[in-house]
Amino acid sequence: MSPHNVTNEQLVQFALGELSCEKAGEIEAHIRQCEPCRQAVGRLRSLLDCADSMSAVPEDEHIVESANRKVLLAARTENKDQSRYRVQSSVAHFGRLIMGNRMAKLAAAAVVALAVILGLSLFTGDGTGKVYARMVDQLHRAHTLTYSMVTMTGVESMPTVRMDIAYRNTGHFRVATADGYITVLEATETGAKGISLVPPTKSYVVFEMANVPDDPAKDPWATVERLRALPARADKVLGPKEIDGRTLDGFQVHEDDATTTVWIDPKTSQLVRAELQFAGTPGMDVILSDFQFDAVLEDSFFSLQPPEEYTPVQVTADASEVGERDFIEFLRLWTNWTADASFPPTIGGPDIAKIAVQMAREGKFVGPYAPAYGADRQPQIMYRGLVFISRLPGGTWRYAGQNVPFGDPAVPIFWYQPQGSATWRVIYADLHVSEAKPENLPK
Amino acid sequence: MQPGLGLEMFLLPGSTTVSDQSFENLVNEHGGQVVRTAARVLRDASLAHDVHQEVFLAIWRRWHRYDGQVNWTAYLYRATVRKALEMARRRIVCRVPAGALKETPRGVTTNGPDAALQTDELQQRLAAAVARLPRREAEAFVLSRLERVETAEIARIMGCAESTVRVYLHRAVARLARELHEYLDQ
C-alpha cells in the first residue's frame, strides 16, 4: 500500500491518533503527495468512524430488566446441582450473622437448630440387619445414654457447637449447649411435649406434638447401635490410633453422601468416638464422643419447668386459639416461600422441619424468609399452622398438596372434619374453602 | 420418639444466603453493561439478551469459587466480549451463506439518500468481519473501539501488556481495512 518509507503500521497508528506530533506531521506531509496512502488513511478513518457509530447502542432498560429477572430465576432453578455451595454458604451466612448484628440472638438459636438437625440426620435410615437385631436388646437394657456432639462449622468466624445429649428410656431426651440453650422432650402417649430455653432473651417455648409415629429405626438407641455395629460393614479399616490417651481401632464406611468413622476400644469393644463427614458440607464435621451408658440422670435433669426468671415466648400464648385460618396462612406463606409456588411436600409431624432444611439446601426457597413475612412473623405463622395439624385427630384429615402449585381453584389440597361436624372442610389450591359431605370428598 | 424440636427449627434461615444476595446484586448492577456490550458486538437485542443469560449463568455455576476479590467490571467485559464474539461467529457460520457478502452491491457513501441504510450495512459488515478476526485481535478491537475502554484497562482485562494490546489493535484495524476495502472507499 505504501512502498516507500511509510509503513502500513504507521498509517494505522496515524489514523488511531497514536503518533507523536512530530511523527504525525511527517505522515501528514507524506499523504499530501501520496495518493495510495491518502486513500488508505481515508479507508481507515471510515472504518473507525463506523466503529464509533456502532458504540452507540440504544438504552433498553426493559431488555436489561427482563434479562436480569430471567437469569436470577434460572439461577434459582439450577440450585439442585448447587447443594454443596448452598450449604457451605449457609454456614458462612450463620457465621456472618453471629459476628454481631442485631440478629445475633436469633442466629445463635439457628446454629443450634442447624447442629441439631445435622444430628437428626443420624436418626434416619433403617436399623435392620443381623447385628442390629442381636445388639439392640442388649443396648436397651441400658437405662440412660449420654454423649456429646460437636459440630464443626468449617468456617473460621463461626464457633464450633458442642451439645450434650442425654436419653433416658423413660422417654426423655435432652440436648444442651454450653451456653445454656436447652431443649427437653418427654414422650407422651401419641407424641411428645417439650420445652426449649433461649438464654439470651431469658425466654422459653413450650410445645407439644401429637401423632408422632413410633418409628423404631429412628430411635436414638438404634442410632448409637448402628454406630457400634459399624465395624461389621466397614469398607475401610484404619490402623490403631491414639486418641485421648487410649489406643483405638478405626472403621470407616462410606454411604451416600456421608462418611462415618467409628473408633472402638479393642479391650472393651466399646464405641468411644464417631466422626461424621458429609460430602455436601465440606468442613462441617460432626463428632460424637463421651458415650456413657447408665449414668444416673435425675428427673430434674429432664424437667419441663422453665426457670423462674424465664418468660414464655409470645407465640405459644394463644396457641389454643389456633384454627383453620392459621393453617391457611401457613399454606399461603409456604407458597410465597417456595421458588415454584408449591405447597409443602408434607405437613404432618416433625418431619416438616427436616424437609424444610433439605429444601433449603436444594435452593427451593426464594429467600431466608418468604417475601413480606420476615423473621418476626414467619416462625409464628409456621408454628401456628403446624399446631393446627398436630391437633387434628388421625383419620380426620387428608393432605394432597404435594407438588401442587398455588392457584387452581379446582384442585383440592387438604380436607378435614372439624370435631363434631357432619361435613368436611375442603381447602383448594387457591386457598378457598368449601364444605363437602363425606361421600363427596376428593378421592 | 424422635427428638424433633419445636419452634427453633424455623429460625433456621432458608435457602437464600448472603452470597445469593450478592449474586443478585451483581446481576442488577452489571446486567446493563453486559447487554450493551453484547448488543454492540452482535447488533441484535435478543442475541444480546442470550449472551447476558449465558454469561451470568456461567458465573453462577462457579459462584462458590469466587473469593470476593474479583474485579467484576473487567471480568464481565472479558466474558461478555468472548461470548458475544463466539455467538457472532456461530451466526456467520449458520446464517450467512458463503459468498453472500460478495454478491451484494458495493459502495458506501455518507451523504446519499440511502446514507443511513448504507451506514447500517457497513456496520453489519464490520460486525461480521470483527467476528472473523483472530480472537485476541477481535477482543482488543471491541474493547478499544466499540467499548471505548482505555488501553491500560484493556491490558488488565485481557491479561497482557499494554504494548501487546496495541499490537492486537493495529493488526485488527489493518486486517479489517483490508477485508472491507471495497466498502470503505469513499
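Chain A of this predicted model holds 11 helices and 16 strands. Of the 443 residues in chain A, 37% are buried. Contacts in this chain also reach along the sequence. Take those between residues at least 6 apart: 52% of them join residues at least 24 apart.

Next, the nonpolar cores. The largest has 70 residues. Within it, B:Val41, B:Leu126 and B:Val130 touch the most other members. Helix α1 of chain B, residues 18-42, gives this core its largest share, 9 residues.

Set aside its neighbours within four places in sequence, and its contacts are A:Cys50, A:Ala51, A:Met54, B:Leu176 and B:Leu180. That list names residues of chain A as well as chain B.

A second core is separate and has 30 residues. Among its members are A:Leu185, A:Val262, A:Ile264 and A:Leu288.

Now turn to a helix pair in chain B. Two packed helices are described by the angle between their axes and the distance between the axes. Here the pair is α7, residues 151-158, and α8, residues 162-179, both of chain B. Their axes lie 8 Å apart, at an angle of about 95°. Angles from 65 to 115 degrees count as roughly perpendicular, so α7(B) is roughly perpendicular to α8(B).

Which residues make the contact? From α7(B) come B:Thr151, B:Ala152, B:Ile154, B:Ala155 and B:Met158. From α8(B) come B:Glu162, B:Val165 and B:Arg166. Sorted by class, the contact of α7(B) with α8(B) has 5 nonpolar residues, 1 polar and 2 charged.

Technical notes. Residues numbered from 1 in each chain as written. Chains lettered and ligands numbered in written order. Predicted model: local features only at pLDDT ≥ 70, side-chain atom pairs only at ≥ 80, totals over all residues. Axes fitted to C-alpha atoms, helices over the stretch in contact; angles between N-to-C directions. Helix = DSSP H or I, 4+ residues; strand = E, 2+ residues; numbered from the N terminus. Parallel < 35°, antiparallel > 145°, perpendicular 65-115°, else oblique. Contact = placed C-beta atoms within 7 Å. Nonpolar A, V, L, I, M, F, W, Y, C, P; charged D, E, K, R; others polar. Core = buried A, V, L, I, M, F, W, Y, C linked by C-beta atoms within 7 Å. Buried ≥ 20, exposed ≤ 12 C-beta atoms within 10 Å, placed from the backbone.
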